[in-house]
Amino acid sequence: MPVNKSPMINTYGGISSPYHEELWKLNFQHLSGERSHKSRPTFSITKEFILRFNQTQNSKEKEELLELARKIILRCKRKLGLKTLGSGKHVHLPAAWIEVIYLAQCKGEIQDEALNMLYASLDHASFDYDHLPALFFVAESILYRLCCDASLKTYLYSVEIKLVKIGYLVFLRLFIFFLHGHLESFKQHLLRLQPHLYALSFSGASYHKYPNIFSNVQFILKASEIIGKRELRSESIFSPVENKKRHENTDSDMGGYEINHLLWHCVAAWSCVQNNSPQLNNVLEHLIFHKTQLQKKCWLDSVLALLVLGEAAKLNMACLKALMDIVRDFVSSILSVQNQGESYKVDDFSWAWNVVYIYTVILAEICLYAATSDLRKTALIGFCQCKSSRKNILRLDKSVPPELKEASILSLLEYFSSKMSENCDQVVWTGYYGLVYNLVKISWELQGDEEQDGLRNIIWQTLQKTKDYEKDIRIQNAINIAQAELNDPTDPFTRYSTNISSNVGEDVFSKYIGWRIADTLSKLFFPPIEARVLPLKKPSIKKDQTKYPNKKLESMKKKVLHFTVRISPVLRTLIHILFHEKCSNFLYIKGNILLYQKFPCFHIQISSPGQIKSWQKSLTITGRKS
């Protein structure tokens, strides 16, 4: 599968970058400073080691270097905390990420395993301010390899897909930090990314046939644009007058970026599911009311909204129905508008395929990781109980296209397959591609699970009909690429047809990043009392303070008076919903405090979680000594 690559001048080597070496030394100095009582590692990755590993022709030396690299792999796994979701005293993510990204330059099985480890760690790691320097290092390394190393290749390689997937997770994390206003002191890091991002913007000719890759690339480019504040005003969902007013009261933690109502309500719905709140139905009603914001040009907010709502849908059937309903209406409205020539010139929905493709990934994750079998089955088959939709998955008669009744996997598959043609809309063939591509991966993931045999049989039958009846080369590519990622049974990206073993340790889907994002955004939008949204840098402790730490803390506790506001999580969610929907012209929220534009704070007394009893013009604050 030859592809065209965009040229880029190689200004510096991937290993010998002065910035890389400086950051590498800085992180290991920090690591050794924290663990001075422990012995230093016997060996660290150097550029000399990488060059010897890749260039040696001596079989004995190659075996010795391979054994040494495997030992480093084991050490990195411990530092990454792959078995503890990135937590524990033995975990140091920034240093481990940098060491792994260097190790990934060793060719062969070491490169594959290092990239798999890095992807798994970026998927499940928590959000911490101290991670930012290492994240920028990984971002620059990934962009460099995509724009320089990959551009020199004639064919698309499986390693290239892994690099793009890692880049997606890195920029997804950077965008969440951006929403918290934590990137203001990293302008130099952002500037260093610009040459690579500019080169990556010309990759459309290389990747447009592969939506699984191209959607990640588009996310990287769009996130970098918003982070760089080059398209903030044009991407705002508010009118110029309303946007100007809202900027005056924008909390500095949001970095001046306006969050749309759909994302806000998706986070509120996830919070209600986590807290088992009775207000969930009210939140979902408001969420459906704002479903048209999915059609706004700021599609990054739409993607985040679907990711968060997808996490809630893994636990709650009502959230799954809301998710499927808003995407069904989105697909129907987008295709109906684009079928009208005049309206298409006014409303440019060329970005809509990104939302549709990512939705197919979310559905696949629900099929695999939802809490109950009913949720998993509904994501695949849908809420409709009729059996005809299961039998005629692919319609051979495309003269009468079916109506899109729901946005389950099989319903969308039937709908998109009926609209497929050589000149069909990009939303159609991209959505079809994404469904088939992810079904292959779901089938592979479910193999050996006897409890999921029924689900896997339906998927297998669907894929067999797709292979037999669908002749479109784009959909056939979806099957081939998915099998190549899974290394089952052969890798079509290589020039040879040799069988290779499956990557058992590789994560097929991201399992935790959606939950991490939902949890972090819920703390940003509905911050808990006396808690920081994201952990900041740890304050330095002087040596003389460590001698008698308990005595110091006890004396401080006697002197400090803490003030807390007694608001339950259920009530806090209800307050946000009521103020956001009905009183937004008079009140605004800063943290846990409800502020009136001209007068002091308000207090709400509540007799039950579902009913407000009275309003008072004073905020009751209870002082207590710790």
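**Reading burial, cores and helix packing**

Trainee: Let's start with Leu-156: is Leu-156 buried or exposed?

Mentor: Leu-156 is buried, because its relative accessible area is 1%. Buried means under 20% relative accessible area, exposed means over 50%, and partly exposed is in between (1.4 Å probe, protein chains only). This is a predicted model, in which local features need pLDDT of at least 70 and side-chain atom pairs count only at pLDDT 80 or more, while totals for chains, interfaces and linings use all residues. Residues are numbered from 1 along each chain as its sequence is written, and side-chain values use heavy atoms, with hydrogens and water left out.

Trainee: Where does Leu-156 sit?

Mentor: Leu-156 is in the loop between helix 6 (132-149) and helix 7. Helices (H or I, at least four residues) and strands (E, at least two) are DSSP runs, numbered from the N terminus.

Trainee: What does Phe-175 contact beyond its neighbours within four places in sequence?

Mentor: Contact means heavy atoms within 4.5 Å. On that basis Phe-175 meets Ala-223, Ile-226, Ile-227, Tyr-257, Leu-300 and Leu-304.

Trainee: How should I describe two packed helices?

Mentor: Two packed helices are described by the angle between their axes and the distance between the axes. Axes are lines fitted to C-alpha atoms, for helices over the stretch in contact, and angles run from 0 to 180 degrees between N-to-C directions. Take helix 18 (residues 373-381) and helix 22 (residues 453-469): their axes come within 11 Å and cross at roughly 10°. The two helices are therefore roughly parallel; angles under 35 degrees count as roughly parallel, over 145 as roughly antiparallel, 65 to 115 as roughly perpendicular and the rest as oblique.

Trainee: Which residues of helix 18 and helix 22 meet?

Mentor: Arg-376, Lys-377, Leu-380 and Ile-381 of helix 18 meet Leu-455, Ile-458 and Ile-459 of helix 22. Leu-380 is also the core residue mentioned above.

Technical notes:
A nonpolar core is a set of buried Ala, Val, Leu, Ile, Met, Phe, Trp, Tyr and Cys residues joined through side-chain atoms within 4.5 Å.
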